[in-house]
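Take a walk through the model shown below.

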Amino acid sequence: MKITINKSDFDRIYEHALSVRPEEACGLIAGVDNEDGVREIRKVYILTNIDHTNEHFTIDPKDQLATIKDIRANGLKPLGNWHSHPESPSRPSEEDKRLANDSNASYLILSLQEEGNPVLNAFHVESVDGEKTVRKEELIIQEEK
Amino acid sequence: MKITVAGEKKEVADGITVAALIEQENVETPQYVTVSINEEFVESGAFADTVIKEGDEIEFLYFMGGGAF
């Protein structure tokens, strides 16, 4: 799947992730699935990591519910989540895979491992025969239309 | 009766429970799902006994978390 995110949203989550480092940063993404198969992120939500650690994140279900309501009020669709890896690469960890249970979701991971060189990737995670399979999505960071 | 599930209007049987709705909607990995009715969370142990009413708004929320390792 091809997925797009606006450069301004990328910049926003990067700046936030830097500001809370060494803790992991997290949030939700919303947008539309276009008929041409492109998933378009139109709104990025920055939420609180209630774990407040550099090794784990959890989004408070109350924040999640309020965000879902806002997404629907804006005529958008929940598309998945994003989180940062302050000290590790932009790929799903074993814990990320274990807790990725929505096969319709895109999971974005922003690595801050290399100073000044943030790396954002998107992944699809699916359970097949009890095993989690991960597929990298084609993420395009684009200038605002 | 009419209810709203994840933002979509749906017709379901009167007296349907949260557990039955989860099954009917083919919710993936329901053990990782939190359910809200009209913005109130339902304890997972109460899914089988919680009856949904006409006009209720239901959301299925996947646990959103992960780790670096």
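Predicted model: local features only at pLDDT ≥ 70, side-chain atom pairs only at ≥ 80, totals over all residues.

Just after α2(A) comes A:G75, with a positive phi of about 70 degrees.

Now turn to α1 of chain A, residues 7-20. It has 14 residues and reaches 20 Å from its first C-alpha to its last, close to the 20 Å expected at 1.5 Å a residue. Buried here are A:D9, A:F10, A:I13 and A:A17. Seen down the axis of α1(A), the buried residues fall within an arc of 100 degrees, so they too line one face of their helix. The face turned away from that buried side carries exposed residues: A:K7, A:S8, A:D11, A:E15 and A:S19.

A:I13 leads on to the packing. The largest nonpolar core has 34 residues. Those touching the most other members are A:I13, A:I29, A:Y107, A:L108 and A:L110. Take A:I29 and set aside its neighbours within four places in sequence. A:I29 is then in contact with A:I41, A:V44, A:L79, A:G80, A:N81, A:W82, A:S106 and A:L108. A second, separate core has 5 residues, including B:V18, B:V35, B:I52 and B:I58. In soluble globular proteins, nonpolar side chains tend to be buried together.

Some of chain A lies in the open. A:N34 sits in the loop between β2 (26-33) and β3 (38-47) of chain A. Is A:N34 buried or exposed? It counts as exposed, because it has 11 C-beta neighbours inside 10 Å. A:N34 and A:N54 are 20 residues apart along the chain, and 35 Å separates their C-alpha atoms.

Chain B comes next. Its secondary structure comes to 1 helix and 6 strands. Along the sequence the pattern is β-β-α-β-β-β-β. The C-alpha atoms of chain B fill a box of roughly 45 × 25 × 20 Å along the principal axes. Chain B has 69 residues, of which 20% count as buried. Among its contacts with a separation of 6 or more, 62% join residues 24 or more positions apart.

Last, the two chains together. How many residues of chain B are in contact with chain A? There are 18, and they are in contact with 24 residues of chain A. On the chain B side, the elements giving two or more residues are β3 (33-37), β5 (57-62) and β6 (65-67). The residues of that side divide into 8 nonpolar, 7 polar and 3 charged. Strand pairing also crosses between the chains. β4 of chain A (residues 56-58) and β6(B) pair in the antiparallel sense over 3 bridges. Here A:T58 stands opposite B:G65 in β6(B).

How values were computed
Residues numbered from 1 in each chain as written. Chains lettered and ligands numbered in written order. Helix = DSSP H or I, 4+ residues; strand = E, 2+ residues; numbered from the N terminus. Expected span 1.5 Å × (residues − 1). Buried ≥ 20, exposed ≤ 12 C-beta atoms within 10 Å, placed from the backbone. Arc of directions from axis to C-beta. Core = buried A, V, L, I, M, F, W, Y, C linked by C-beta atoms within 7 Å. Contact = placed C-beta atoms within 7 Å. Nonpolar A, V, L, I, M, F, W, Y, C, P; charged D, E, K, R; others polar. Pairing = 2+ DSSP bridges.
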